[in-house]
Amino acid sequence: MAPETAPETAEAPAAAPTENQQVLALLHKLFGADSFTDVSEPYGLLTATTTREKIHGIIAGLQQDEELKFHFLTTLCGIHYPDQLNRELGVIYHLHSLVHNIRLRLKIFFPIADPVVPTLSDLYSAANWLERETYDFYGVIFSGHPNLIRILNVEDMDYHPMRKQYPVEDGTREDKTDLFFGR
Amino acid sequence: MAIDALEGTRQITEEARAQRHDQLVPTLNDFSQELTTLNLGPTHPATHGIFQNILQMDGERIVSGVPTIGYIHRAFEKLAERKPFYQITTLTDRMNYCSSPINNLGWHMTMEKFLSVSVPKRAQYIRVIMMELARISDHLICNSILGMDTGAFTGFLYLFQEREKIYEIYEEVCGARLTTNMGRVGGMERDLTPVAIEKLRKWLKEFPAVMREFEIMFNRNRIFMDRVVNVGPISAEKALNYGFTGPNLRAAGVDYDVRVMNPYSSYEDFEFDIPVGTKGDTYDRFIVRNEEIWQSLRIINQALENLPEGPFHADAPHFYLPPKEAVYKSMEALIYHFKIVMGEIDAPVGEVYHAVEGGNGELGYYLVSDGGRTPYRLHFRRPCFIYYQAYPEMAVGTTLSDAIVILSSMNVIAGELDA
């Protein structure tokens, strides 16, 4: 289910793959090769999956690393794959090293029954609201977050609307069923 | 019956009065220690959008502030999971509605990157012109409203006329003014018409004088400077930590601009400077925006002078709608038209992040596709959602009137904030 087969585009700069390889080698050196799985480069952006136990250490290390200097958290967002057993929920981090102009995408997946991940708000102030948004949308609990309450939806909402079990339209409606295209 | 109802009302009123008499509002005896809670917003003429700040005030000083947002949350990320790719454009221009073309074209570029469609040079240049016009109109609104919040209404009136002219150019290019829905995946929906070019040239000739007038009125104005210099400064480190991008980050002294760092749509062809500030205060943000307007003008002039000949859209029949006349006459065009409108294009499986330099910062689109007709997940990196969280820190310790000025100089657009 997790997309990994994206092709390289002509738009991606030719130097990017080697640069990504260097970053990957550094990542392996700093945090151990077994910390990263599913390494790929969709559209030239280095992507790796790690675990929630390691994510805080890795991102803190990347931020403080003298060589890589990932000082900038571009964004983080949640994702829900209902079919991945025990890896239903995910959080995807986009980091950017402004000094070297390298972007990095890190993913973690964890069971929906136990959606607790460490907060990044102690490292990046930007993570504060992004994590609140992810909590609001997906119900991911960021442990250690200073103020983990809903941000965009109303306080008394009792579900997390971006999870896949909540369709945009009422699932019992039949007038919009498209019999010809099967959707 | 009528008397009974009246009697009931009277009873209720009296009970309420009696209750209120019992519960006096507790106050401290020492008035110098007392804090006032002030609701700034949700609807307040000086917040220019619907968001609330609950401020604790010690006299005129702000002691703490808690922003509440989400008043116009429309669940765009959820809606996007049901819409075919081409229908998402209309969601994007409702985010930062002060510079909708950047949002629209940024989304198209994301799709083009994702589908590996290469866009002809002419379309890229037209896009650059439109995006820079959008940046100018965005900055015009922000800076003139900042002037208005400090009590100078004239600049606002003058510049809104110019924004109106920009909107007329939009109208000529895409038929709409505010929510533009400009461009298509693969290029523009139509070529620049002679009328559009004429309007653009006329505006390019007339606008600099107005802009200079505006700058003369504000840039070294003693009253204006007293209100904005050293108000709400933020250091470069803090701004980066808070995820600032765009003019706000550059005002703090970091020269990060997506147009230069990761050029898209042929930005590498143009010569322009990235203005940076030193202190990151309100004045720096104002000056950086003004200077960016001049740089945008430079880019537009270069793009218009070197506008290449050729097609205005890619030869990508799977994604780009055929002309309507062809749909009526040719079978292939009809099939493609039908497939595109029904959202039956073949999207690959994959994920892509594409960022453009929006009016107020790095506007990113993170698209995850499972090969279906709609995105599996679409996340918008909305610049002002991320940097607005620094507002309490910047406002604490200042006076209420300064807080208004800081807010307005940050260019927070409610539609983008709440998505």
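**View 1. Strands β5 and β6 of chain B pair up.** Strand β5 of chain B, residues 361-370, runs antiparallel to β6(B), with 5 bridges between them. Two strands count as paired here if DSSP finds at least two bridges between them. Strands (E, at least two residues) and helices (H or I, at least four) are DSSP runs, numbered from the N terminus. This is a predicted model, so local features need pLDDT of at least 70 and side-chain atom pairs count only at pLDDT 80 or more, while totals for chains, interfaces and linings use all residues. Residues are numbered from 1 along each chain as its sequence is written, and chains are lettered from A and ligands numbered from 1 in the order in which they are written.

View 2. Zoom out and you get an open sheet of 3 strands in the order β4-β5-β6 (chain B), paired antiparallel. β4 (349-358) and β6 (377-381) of chain B each have a single partner strand, so one side of each lacks a neighbour in the sheet. On average, neighbouring strands are turned by 10° against each other, direction ignored. Helix α4 (residues 100-115) of chain B packs on this sheet and touches β4 and β5 of chain B, with its direction at about 150° to that of β4(B). Axes are lines fitted to C-alpha atoms, for helices over the stretch in contact, and angles run from 0 to 180 degrees between N-to-C directions.

**View 3. Where chain A meets chain B.** Here 34 residues of chain A are in contact with 36 residues of chain B (C-beta atoms, placed from the backbone, within 7 Å). On the chain A side, β3 (72-80) and α3 (127-138) each supply at least two residues, and β3(A) gives the most, with 6 residues.

Key: Two residues are in contact if their C-beta atoms, placed from the backbone, lie within 7 Å.
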